[in-house]
Structures are given as structure tokens and as C-alpha cells.
Amino acid sequence: MKELARLLEGFSERFPQKIPMHYMFLYAPDLRRNLVPFFFYAARSEGPVERVLDALVQRNEPGAAQDPHIEDFTTDNLGRGLRSIRHFVPKGGEALGMSVNYGWRVESYGIDLSMRTVSDDLGWVSANIDAFDAFARSVKVVHPTEPAVG
């Protein structure tokens with residue numbers, strides 16, 4: 001347990017300085033593997049929805065090794081959105097990285113929501129896109145006074 005606590009503390013110290021986020025969830029399908037962080041960021045909705053969704057899924061973000069693969073990604077809880085799979089070379093890095101990026105405009109709350117994960121284990125991430133999508137479909141925005149489970 002102490003090792004897990006140290007690991008979680010390391011995530012909480014390392015990532016907020018590198019990736020803008022409000023929340024981070026750790027995906028642990030197999031405890032023999034590294035935990036996979038999912039970063040969430042929400043901001044008040046501003047501007048044309050298409051432009052905002054493109055930014056949330058990093059359609060035109062510099063450093064892409066190729067154009068990102070972008071699909072519509074609608075969920076019952078969040079509404080219409082986009083998902084991108086993007087390959088890139090990190091600044092100062094040599095190995096190819098991969099990000100899976102989701103973006104929604106959640107009209108009922110007046111926010112734009114981003115969910116993202118990043119890894120250099122391209123094969124494993126590619127093999128787990130369906131699990132990531134299932135997780136994204138389960139995400140729900142709730143007001144602080146509403147019950148979170150229901």
C-alpha cells in the first residue's frame with residue numbers, strides 16, 4: 001500500500017505542472033502495468049463550438065507526426081463531441097507519443113470539457129481505445145449540489 005501511495009503522490013506532484021487540468025483519474029486495468037492518467041479540464045463555453053472542439057482535440061496543435069484521426073464522439077451524458085487520436089514527437093523528445101483527446105460543449109452547464117490521455121506505449125494505447133471510449137461515455141458533469149452517483 002505504501003508503494004501505491006507514493007505512486008499516487010508522484011502523479012499528483014508531476015502532472016499539474018505539465019498539463020493544465022482540473023481533475024486527473026488514473027486507469028488501472030492491470031496493476032502490473034503503469035497507471036494511465038486521464039486529464040480533465042473545463043472552461044466556460046466561449047466562441048464557435050466547432051473551433052472550440054477542434055482546439056480541445058488538438059486538431060491543429062503543432063508537433064503532430066501526421067494529421068490526427070478525428071471522429072464524432074457523442075455520449076448520452078455530455079452530448080455531441082469529438083475524439084482524436086494524435087501521434088506526435090514531444091518537445092525535446094525522440095520517441096513517438098500518442099494522445100487520445102476528447103472534447104465536448106456541455107450546453108446544460110455552459111462549459112467546454114476536455115478529457116485526454118498521453119502515452120509513449122502506442123501499441124497498448126491503440127489496443128485499449130475501446131476501454132477509453134467506454135470510460136468517456138460514463139463521464140457525467142454534475143453540479144456540486146447534485147448527487148454524483150445515480
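This briefing covers the aromatic pairs and salt bridges of the structure above. The model is predicted, so local features need pLDDT of at least 70 and side-chain atom pairs count only at pLDDT 80 or more, whereas totals for chains, interfaces and linings use all residues. Residues are numbered from 1 along each chain as its sequence is written, and side-chain values use heavy atoms, with hydrogens and water left out.

**Aromatic contacts**

- Rings of Phe, Tyr and Trp (its six-membered ring) are paired if their centres lie within 6.5 Å; planes under 30 degrees apart are stacked, those over 60 are edge-to-face and the rest are tilted. The count by this rule is 7 aromatic pairs.
- One of these pairs joins phenylalanine 73 and tyrosine 102 in an edge-to-face arrangement, at 5.1 Å centre to centre with 70° between the planes.
- This pair links distant parts of the chain, 29 residues apart: phenylalanine 73 is in the loop between strand S3 (69–72) and strand S4 (81–88), and tyrosine 102 is in strand S5 (residues 97–106). Strands (E, at least two residues) and helices (H or I, at least four) are DSSP runs, numbered from the N terminus.
- Phenylalanine 73 and tyrosine 102 are both buried. Buried denotes under 20% relative accessible area, exposed over 50%, and partly exposed in between (1.4 Å probe, protein chains only).
- One aromatic cluster is formed by Phe38, Phe40, Trp124, Phe132 and Phe135.

- The whole structure contains 5 salt bridges, each defined as a side-chain nitrogen of Lys or Arg within 4 Å of a carboxyl oxygen of Asp or Glu.
- Among them is the bridge between glutamate 50 and arginine 80, whose closest N and O atoms are 3.1 Å apart.
- Because glutamate 50 lies in helix H2 (residues 49–56) and arginine 80 in the loop between S3 and S4, the pair ties together parts that are 30 residues apart in sequence.
- Glutamate 50 is partly exposed, at a relative accessible area of 41%; arginine 80 is also partly exposed, at 37%.

- Arginine 83 and glutamate 71 form a salt bridge with their closest N and O atoms 3.1 Å apart.
- Arginine 83 belongs to strand S4 and glutamate 71 to strand S3, so this bridge ties together parts that are 12 residues apart in sequence.
- Arginine 83 is buried, with a relative accessible area of 6%, whereas glutamate 71 is partly exposed at 34%.
- A network of salt bridges links Glu71, Arg83 and Asp133.
- Aspartate 112 forms a salt bridge with arginine 105, with the closest N and O atoms 2.7 Å apart; both residues are buried.
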